[in-house]
Amino acid sequence: MFNYDKYIRKDKFPHIWCSGCGNGIILKSSIRAIDKIGWDKNDVMTISGIGCSSRATGYLDFDSLHTLHGRALAFATGIKMAKPKMNVVVFTGDGDAGAIGGNHLIHAARRNIDITAVIFNNNIYGMTGGQYSPTTPQEFVATTAPYGHIENSFNFMELAIGAGASFAARTTVTNPKQVENFIHKGLENKGFSVIEVVSNCHVQFGRRNEMKSPIQMFDWIKERIIPMSKAEDMSEDELENKVITGVFKNIEKPEYVEEYDKNIMAKAEGE
Amino acid sequence: MAKGKKYIIKIKEDYCKSCRLCYSRCPTNAITANPKNMKVQINDEDKCIGCLVCENICPDFAIEIFEAEDN
Amino acid sequence: MEKVKFLEGNTACALGAVRAGLKFFGGYPITPSSEVAEVCSEELPKAGGRFIQMEDEIASIASIIGASLAGSKAMTATSGPGFSLMQEALGMAVMGEVPIVIVSVMRGGPSTGHPTGPSQGDLMQARWGTHGDHPIIAIYPESVNEVYYEIIRAFNLAEKYRQPVVFLMDEVLGHMKESVFINEDKIETVERRKIEMDQKKYNPFLTENDIPLTANYGEGYRFHVTGLYHDETGFPDVSSENIQKTMDRMYRKIYNNMDDISKNEEMNTEDMDILLFSVGTQARSAKMAIRMLKEEGINAGLFRPITLWPFPEERIVELGKKVSKIVAIEMNKGQMADELRKYVCEEDEKKIIPLNKLESELIPPQEIVDKVKEVL
Ligand SMILES: Cc1ncc(C[n+]2csc(CCOP(=O)(O)OP(=O)(O)O)c2C)c(N)n1
Ligand code: SF4
Ligand code: SF4
Ligand code: SF4
């Protein structure tokens, strides 16, 4: 009932992602969110890093830039500052945004620059063959964690909020409507928005952890979901390894480029 | 959703990658698996209630639901 | 009408860039280049541009690539360690054919090395620092006055050929103060080519004379840029045929235009007993040595590439035939001496005489004189 044709580069389909990969669900939800906000297609720009998730930019009929592993937000910052009329959306993976690009995520949030970052969190490095990522849960197996993973996971929500993002929300591919709504809210926010979408990589992650089909992975994600309202009454122990969903932050806060123009440009021109 | 509304299920077979996400979630069994290749196929279009669960979950842009009136 | 300003090299670099039309600067502080950023932070907003201090050098170069693709003339400035961090993205700018200028004010390396001393240790990094085969343009002036005009030329070449341009300086040049003679009649700037085509038929990497007709983001063309090998449409094509074809074209767009891109200074090369080869500020000491040698009756010539990369091969081959010895004077372990050997040493291995020092100061004229007398 939704016509995606207006927003996709049809000649690039079918896309490269594996059968049942949640990336396609996030892509479609993003399209609906962008449609809902009603931006002119010529004023939207999508930017991505490197990874399976980062291939998203190639499928959308906007200006698009497929950059380097981890650096999408830094490229996006330059674009937004050079052409503030552009509505800038970044697609990134959990490795892209949380490992190699972690510093850029922190500083984009700190500046509260008007960029919406959609993090495809599939708990693994999909593109390079299933090595552990900063969000691989403990005890799970990855190609570089054959004995089970021991590291602590990143909490993208705490990270984004701590760094200063004015919008932060987490959802999962099992609820495409919510993905659409949260991305839409993020797009509406004039400032830095982080939307973490917990996704499935049954091929590189699930397969090694007794969940080789997308359906099994969806079940695994779903059974761990705790909506924020419920989580508030639960202890830390009870919340371990759960996926808390909801809008964690949504505040108004001065936006970087506007502040630059209001303060620096105005003062410099006065000289 | 108004009662008695009719829906048309449009499938792009060449896009479908047989992931099973849509028909395993369809609340009415309006769609089902083609036993040959596990791609989606229509079981009974009349059963479709237009809930869009399938359309929204399909990662491959392979299934679309239309209201009968608006073609 | 000429205006005279007394400027530090780094300041002249920033002011020249603004004169060239710089509209975006993204950088990260590092000695001895920080003044370029400082001056840009003050001057750019006055000229309607924006400045940002990014979180590191990788982010800095990424931000200027983004800004350039969105239509702004863009620059960053750094030194050794920061230049190393920029190498991956420099390759992306080559691959995406993005006009940017990267200023690298050389200091002693490797590693943290000697932050406050000059060096010429990054000449090869400027050529081959990023991975993979690629063409590059690098310019290296010798005086503050030349910095001002050459940074404008760097922007012009970047725009004209849609190519990242490395602008080399060294600590001495960055921090020394000299007169700059600003003559507006001598300044020409090249503006971003305006693309007017039917959006439906538009392809960002369609070329004219091997140079892509890429539009700016936000102008309604809705095109894709990737660091992967791509075809005219901008979308990935990693077929072996396309890889070969694309890189051949990128080389052609630079090497077929050497007449326009190359720029050298020559002194006494008509009638010489020996040739001195030197770049940047070091060449000034060589010029002094030439005068001193003259007094002793020795005719020494000088060849100074201002466009260092692509290397002026043709001219060097010609000059090499005229002399039996070339003294390559460099504040490094012989990077240019190695390059020269590629072009002028068919039989005589000893034709190139390296004079190298890593003492964090220019090699003085007297040492050059002594070397010339020793080998002649
Ligand atoms: C500088 C650099 N280091 C490493 C790589 C190899 N690499 C490509 S994608 C990737 C990880 C991708 O993981 P993630 O960001 O989680 O995305 P996914 O593929 O899972 O969607 C890595 C390590 C690279 N391309 N560049
Ligand atoms: S490897 Fe994983 S993340 Fe990549 S396309 Fe396949 S399922 Fe998706
Ligand atoms: S719209 Fe709902 S009822 Fe109709 S086929 Fe899809 S999932 Fe089934
Ligand atoms: S969800 Fe899409 S790709 Fe998967 S089986 Fe259904 S139609 Fe095919």
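**The site of ligand 1**

Ligand 1 is placed between chains A and C. The model is a predicted one, in which local features need pLDDT of at least 70 and side-chain atom pairs count only at pLDDT 80 or more, while totals for chains, interfaces and linings use all residues. Residues are numbered from 1 along each chain as its sequence is written, chains are lettered from A and ligands numbered from 1 in the order in which they are written, and side-chain values use heavy atoms, with hydrogens and water left out.

Around ligand 1 stand 17 residues, of which A:Cys52, A:Ser53, A:Gly95, A:Asp96 and A:Gly126 come nearest; a residue is near a molecule if one of its heavy atoms lies within 4 Å of it. By class, this shell holds 6 nonpolar, 8 polar and 3 charged residues. In that division Ala, Val, Leu, Ile, Met, Phe, Trp, Tyr, Cys and Pro count as nonpolar, Asp, Glu, Lys and Arg as charged, and the others, Gly among them, as polar.

Oxygen atoms of ligand 1 make polar contacts, that is, pairs of N or O atoms within 3.5 Å; within protein, one atom must be able to donate a hydrogen and the other to accept it, and residues adjacent in sequence count only if both atoms are side-chain atoms. A polar side-chain atom of A:Ser53 stands 2.7 Å from a ligand oxygen, and a backbone N or O atom of A:Cys52 is 2.8 Å from one. A polar backbone atom of A:Ile124 lies 3.1 Å from an oxygen atom of ligand 1. Taken alone, ligand 1 exposes 590 Å², of which the protein buries 77%; accessible areas come from the Shrake-Rupley method with a 1.4 Å probe, and for residues only the protein chains shown count as cover. Two elements of chain A give two or more residues to the shell, helix H3 (94-100) and strand E5 (124-125). Helix H3 of chain A gives the largest share, 4 residues. Helices (H or I, at least four residues) and strands (E, at least two) are DSSP runs, numbered from the N terminus.

**Elsewhere in chain A**

A:Met127 belongs to the loop between E5 and strand E6 (131-132) of chain A. At 40% relative accessibility, A:Met127 is partly exposed, where buried means under 20% relative accessible area, exposed over 50%, and partly exposed in between (1.4 Å probe, protein chains only). Together with A:Ile16 and A:Ile50, A:Met127 makes a nonpolar surface patch of about 250 Å². Patches are made of residues with over 30% relative accessible area and no salt bridge, like charges being joined within 9 Å and nonpolar side chains (Val, Leu, Ile, Met, Phe, Trp, Tyr) within 5 Å. A:Ile16 sits in the segment before helix H1 (23-37) of chain A, and its relative accessible area of 48% makes it partly exposed. That segment before H1 also holds A:Pro14, which a cis peptide bond with omega of about -5° joins to A:Phe13.

A salt bridge is a side-chain nitrogen of Lys or Arg within 4 Å of a carboxyl oxygen of Asp or Glu. By this rule there are 46 salt bridges over all chains. In one of them, the side chains of A:Arg170 and A:Glu196 meet at 2.9 Å, N to O. A:Arg170 is in strand E7 (residues 167-172) and A:Glu196 in strand E8 (residues 193-198) of chain A, so the pair ties together parts that are 26 residues apart in sequence. A:Arg170 is buried at 8% relative accessibility, and A:Glu196 is buried at 4%.

**A buried group in chain C**

C:Glu97 has a relative accessible area of 0% and is buried. Its salt bridge partner is C:Arg249, with the closest N and O atoms 2.6 Å apart. This pair links distant parts of the chain, 152 residues apart: C:Glu97 is in the loop between helix H5 (87-96) and strand E5 (101-108) of chain C, and C:Arg249 is in helix H9 of chain C. C:Arg249 counts as buried at 10% relative accessibility.

Helix H9 (residues 240-255) of chain C also carries C:Lys253, which is buried at 1% relative accessibility. The side chains of C:Lys253 and C:Glu97 are joined by a polar contact of 2.9 Å. The side chain of C:Lys253 also reaches the backbone oxygen of C:Tyr161 at 2.9 Å.
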